[in-house]
Amino acid sequence: MRIFKFKICLFGEPAVGKTSLIRRFVYDTFDEKYLSTIGTKVSKKTVSLEINGEEIRVDMMIWDIMGQESFRQLLKDAYFYGAEGLIGVADITRKNTLYALDEWLKEIFKITGEKPIIFIGNKYDLKENAEWGEDEIKQLTEKYRAIKYLFTSAKTGEGVEDTFLTLARKLVEKKI
Ligand code: G3D
Ligand code: MG
């Protein structure tokens, strides 16, 4: 069986749900009391995909950035260096978190070059309180020629698997 390994980085403003999305995907749990810590955490999840009738194993090394703004500035280059896939996360209840992805990407692409990316509107379980929606995220998706956008909830799990598996598939397809 062919095995691929990819570095995948999540990015986005504090409290949009990056850590919760990773925990949901990797451990299938959602902990309301998860504490933010300092630094970077790498989680590994192995998935298998069928591509053109071939079963392929993908080791996804999923990087989570944490900590304060000043710390992130210091960490940024090392964090994004070698990233092969990107997941940009915004919170649908805060419009500024969507616009912030633009700023993030200007910096990230300087480090990684243009890489496959998926945009996420997280906290979809709170959609009654949404400050933005499909139109806004579609614009961003077109601007960066992203693979796609998705609305997710780390709380209910909606869209979470789809996000990571779509990215994994895209990364494998680029290689084979
Ligand atoms: P971050 O890693 O991007 O900084 P976290 O974000 O994963 O730490 O999440 C920040 C807060 O948002 C957490 O709440 C977390 O429980 C909550 N959250 C994350 N994803 C969702 C979601 O999909 N729906 C809802 N309703 N809440 C979510 P606290 O209260 O611990 O700060
Ligand atoms: Mg976090």
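Contact here means heavy atoms within 4.5 Å. This is a predicted model, where local features need pLDDT of at least 70, side-chain atom pairs count only at pLDDT 80 or more, and totals for chains, interfaces and linings use all residues. Residues are numbered from 1 along each chain as its sequence is written, ligands are numbered from 1 in the order in which they are written, and side-chain values use heavy atoms, leaving out hydrogens and water.

**View 1. Helix α3 meets helix α4.** On the α3 side you'll find Lys-95, Leu-98, Tyr-99, Leu-101 and Asp-102, and they meet Glu-136, Ile-137, Leu-140 and Lys-143 of α4. Sorted by class, that makes five nonpolar, no polar and four charged residues (Ala, Val, Leu, Ile, Met, Phe, Trp, Tyr, Cys and Pro are nonpolar, Asp, Glu, Lys and Arg charged, the others, Gly among them, polar).

**View 2. Helix α1 (residues 18-27) packs with helix α5 (residues 160-175).** Leu-21, Ile-22, Arg-24 and Phe-25 from α1 touch Val-160, Glu-161, Phe-164 and Leu-165 from α5. This contact has six nonpolar, no polar and two charged residues.

**View 3. Ligand 1 and its surroundings.** The shell holds 17 residues, with Ala-15, Lys-18, Ser-20, Asp-125 and Ala-154 the closest (a residue is in if one of its heavy atoms lies within 4 Å). Six of the shell residues are nonpolar, five polar and six charged.

Technical notes
Helix = DSSP H or I, 4+ residues; strand = E, 2+ residues; numbered from the N terminus. Axes fitted to C-alpha atoms, helices over the stretch in contact; angles between N-to-C directions.
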